[in-house]
Amino acid sequence: MIETIVHLLVLFGLVGTALMVFFFRDLLAATLAAGFFSFLVALEFYILQAPDVAISQAAIGAGLTTAIFIIAIRATTRYEGEESR
Amino acid sequence: MKMSKIVRTGANILYPFVLIFGLYIVLHGHLTPGGGFQGGAVIATGVVLVIVANSYEAVTGMLQKVVFKAQESLGLLLFIGAAAIAITLGLPFFYNFLANSGSIFGLSVPFGPNHGDLNTAGLIPIMNIAVGIEVWGGLTVIILSMLSGLDRKEA
C-alpha cells in the first residue's frame, strides 16, 4: 500500500517537473527542474529494484548534465527570448 | 554570472564527501550495486561541483585538461595491462588469475550467506578501479572542454 502511494507520488512528480521545464522562462530554474526530474527518475529506478541504474542516473543525469546546462547558460543568456549580448 | 559565496562554500564543504562516496562505490564494485562506471561518474560529479561553483580563472589555474587526459589514458592502460598479464603467464586473455590465489584480492568466497569480503574476486576489483580512473578523467575532460567555450571576461 505505502509502496503504491510512493510510486504514484514519484510518477506525478515526474509529470509536474516535466511541465515545469516546459513552462519556465528562467532557464536556470528550468535546468534545476530538469535536474529534479532526473533525480525522480533515479528514485523510480530504485523503486523498480535497479539500484545500479539509479546510481548512474543520479550521477550522470542529475549531476553532470545539469552542470553542462549551467555552463551553457553562463555563456549565453539567462532568460528565454532575451537579446544575445 | 558569478556564483554566490553560499554556493562556493557549500560546494567546497560537500566535495570531499562526494569523493569518498565515489571511491567507496568503485572499491566495493564486486560486492554492492555500482562499479567502475558509476563510481567514476560520482567522483566526476564532485569535481564538476567545484568547477561550476568557482570562477573561470580559479578553475583553469587549479585543473589542467592535460592532467585528466593523461588520467583517462592511464585508466585504459591499466585495464588492458591487467588483461594482458594473463597472456604472459600462458593463460587466456582476461583470465582471472588472481582469484583464489591467496595474494591481493585473492581470498576464496565463503560458502553460504555472508556479509561479503572485500578481499575477494581477483582481477575484477582491479578492473573496476581502472574503469573508475578512466571515467573520472573522461567526464572531467568533457566538462573542461565545455568550459573552454566561455569567454574569459564573461565567466
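Me: Why is A:G63 classed as buried rather than exposed?
Reply: A residue is buried if 20 or more other C-beta atoms, placed from the backbone, lie within 10 Å of its own, exposed if 12 or fewer, and partly exposed in between. A:G63 is buried because the other C-beta atoms within 10 Å number 24. This is a predicted model, in which local features need pLDDT of at least 70, side-chain atom pairs count only at pLDDT 80 or more, and totals for chains, interfaces and linings use all residues. Residues are numbered from 1 along each chain as its sequence is written, while chains are lettered from A and ligands numbered from 1 in the order in which they are written. The count asked for is 24.

Me: With which residues is A:G63 in contact, leaving aside its neighbours within four places in sequence?
Reply: Two residues are in contact if their C-beta atoms, placed from the backbone, lie within 7 Å. Apart from the neighbours within four places in sequence, the residues in contact with A:G63 are B:T45 and B:V48.

Me: Which helix supplies the largest share of the side of chain B that touches chain A?
Reply: The contact involves 14 residues from chain A and 19 residues from chain B. On the chain B side, α2 (36-53) and α5 (123-147) each supply at least two residues; helices are DSSP runs (H or I, at least four residues), numbered from the N terminus. The largest share, 8 residues, comes from α2(B).
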